Amino acid sequence: MKLIIKNLGLTRASQAIVSDISFKLQAGEALIVTGENGSGKSTTLRGIAGLLPLNAGSVKLLDETGKQFEGEMREYCHYLGHQNGMKPALTVRENLDFWQKFCGNADMTIEEALDEVDLAHTIDLPFSYLSAGMKRRVSIARLLVSDRPIWIVDEPTAGLDAHSVKMFTNLCKAFCAGGGILIAATHLPLGIETEKTLEIGR
Amino acid sequence: MFALLKREILLSIRAGGGALTGVLFFLAVVSVFPFAVGPDTKLLTHLAPAVLWIGALLASLLGLDRLFAQEREDGSLDLLVMQPHPLAITIFIKAIAHWLMTGLPLVLATPLFGIMLNLSPLGIGATMITLLAGTPAIAFIGTVGAAVSVKLPRGGMLISVLVLPLVIPILIFGVAAITGALEDPAPFTSPFLFVCAITLFTSVIGPLAASVMLRHSAD
C-alpha cells in the first residue's frame, strides 16, 4: 500500500490556506505534520481525509501492484478530529458498538479496545460522565474497534496525561508495525522509527 | 445501517422528550383551537381534519434543525460522511428514525385529539391513515432543510421557511383525502394516493439532495 499526495492545495472561504504539499508514504510509515497554530494542519488533514474538496493536486492510494484502490480515500481512513464523535447520552459501549458496526471491518472487540486505553472499567458509564482525557481515550479506542489501513489523527493527544500519551504512542507504533499508514498533526514526536515530518509554514 | 437506526432511537429516548415535545405541541394547537372558534360543534367537526393536519405538520417541523447540527457539533458528522455507505442511505435511515420518534407518536395521539374536535370515528381513521402516509414526507423533505442549515447556529427558523412551502401539497392532499372519506361526492382514494406518491418521491429525492448538500458544506 502506498499513499501519494501531489501538489495538494486547499482553500477555505476562497482564501488559500495551504498549497503545494507533496509527500509519499509506504505501508508502515508515519507522517508527523507540524506547524504553527493556524498554519493549516487541520485543513491539510481534512483535505487528505476527503472532508474538504481539493482545490489543486491529488490524493492517491495505490496497492502493491501500483493499482489505485477502488472507491474514495475517505473509505480507507480513520479520522480523529478535534471532536470525539461520541454521543454524551450513550454509554461508552453503545458508542463504540455503533461505530464498530457502522464502520464495518470489526477488528478488536470493544472490551479489548478499551483495555488498550486503560478504560475497561468505564464500559457501561455514559460518555458524558468521563473526563476530557478519558473521552479522548475512548475515541482512540474507536480507531481500534474497526480496521482501517490509514489513520488520520488531528492533535490526538490533546488533553491526555503523560501516561496516556505514551500509551497512544505505543498504539501508533503497533499500528505502523502492522502495515498501517499514520498521518498525525501533533507537536510531540511519536518516536516511530519510520517517522517522516512535514512542516507546514507560511 | 440497523446500528444507526438503533443509535438514533436510543438517543432520542435518552435525550428525552423528543416524542413528547411534538405531541405536546400538537395538543397545544388542537386544544387552543376550539376556544378560538367557539362552541359550535358542527363547525369544529368540519374544521377538524384541517386542524389536525396543521397541528401535525407544525409539530413535525420541531427538532428537524437538530438532525445534522447535533452530529456536526460533536464531530460525528465527519465520521458519518466518511463511511463507504452511500450517504443518502445514512440520511434516509436518520429520517426514518426521526419520523419513528416524532411523527409516529403524532399519528398515535390523533384519536384522542380527534375526539376533542368532535370528529367521527371514520374521520379519525381517515386522519390517522393520511397522517401515517404523509408525515414521513415531512421528515424526508426536512433532511434537505437540515442539511442546508447544518452550519447555522439558529437553523430552526430557516428550516421552517425552507420546508413549509414544500410540504403544502401534502397538506392539501391529506386534508382532501379526509374530506373525501367523510363527504360523499369527493373521492378518498385519489388524494390519498397522491399523499403516498409524494412520500415515496421525497423518500428518494430528499436524502439524495441532502447528501449532496452535506458533502458540499464540509468545512
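Hi everyone. Among contacts in chain B between residues at least 6 apart in sequence, what percentage join residues at least 24 apart? The figure is 80%. Keep that in mind while we look at this complex, which is a predicted model.

A word on confidence before we go on. The predictor gives the complex an ipTM of 0.89, together with a pTM of 0.91. Chain B has an average pLDDT of 90, and 98% of its residues score at least 70.

Let's stay with chain B. Its secondary structure consists of 9 helices and 0 strands, so if you trace the sequence you read α-α-α-α-α-α-α-α-α. How far does the C-alpha trace of chain B span along its principal axes? About 55 × 35 × 30 Å. The radius of gyration of chain B is 18 Å, and that agrees with the value near 17 Å that a compact globule of 219 residues would have. As for burial, 46% of the 219 residues of chain B count as buried.

Now over to chain A, starting with helix α1, residues 41–48. Is this helix mostly covered or mostly open? Mostly covered: 7 of its 8 residues are buried. Those buried residues are K41(A), T43(A), T44(A), L45(A), R46(A), G47(A) and I48(A), so you'll find charged names such as K41(A) and R46(A) on the list too. Just after α1(A) comes G50(A), with a positive phi of about 85°.

Glycine aside, most residues have a negative phi. Two residues in chain A are worth a look here. D20(A), which sits in strand β2, residues 15–26, has a positive phi near 60°. N105(A), in the loop between α2 (92–103) and α3 (110–116), also has a positive phi, near 50°. Are these residues buried or exposed? D20(A) is exposed, because 10 other C-beta atoms lie within 10 Å and the cut-off for exposed is 12 or fewer. N105(A) counts as exposed as well, with 11 C-beta neighbours inside 10 Å.

Finally, let's bring the two chains together. The contact takes 22 residues from chain A and 17 residues from chain B. On the side of chain A that touches chain B, β5 (77–80) and α2 each supply at least two residues. Which element gives the most to that side? It is α2(A), with 5 residues. By type, the residues on that side of chain A divide into 11 nonpolar, 6 polar and 5 charged.

Methods: Residues are numbered from 1 along each chain as its sequence is written. Chains are lettered from A and ligands numbered from 1 in the order in which they are written. This is a predicted model: local features need pLDDT of at least 70, side-chain atom pairs count only at pLDDT 80 or more; totals for chains, interfaces and linings use all residues. pLDDT is the predictor's confidence in each residue, from 0 to 100. A residue is buried if 20 or more other C-beta atoms lie within 10 Å of its own, exposed if 12 or fewer, and partly exposed in between; C-beta atoms are placed from the backbone. Helices (H or I, at least four residues) and strands (E, at least two) are DSSP runs, numbered from the N terminus. Two residues are in contact if their C-beta atoms, placed from the backbone, lie within 7 Å. The radius of gyration is taken over C-alpha atoms; the globule rule is 2.2 Å times the number of residues to the power 0.38.
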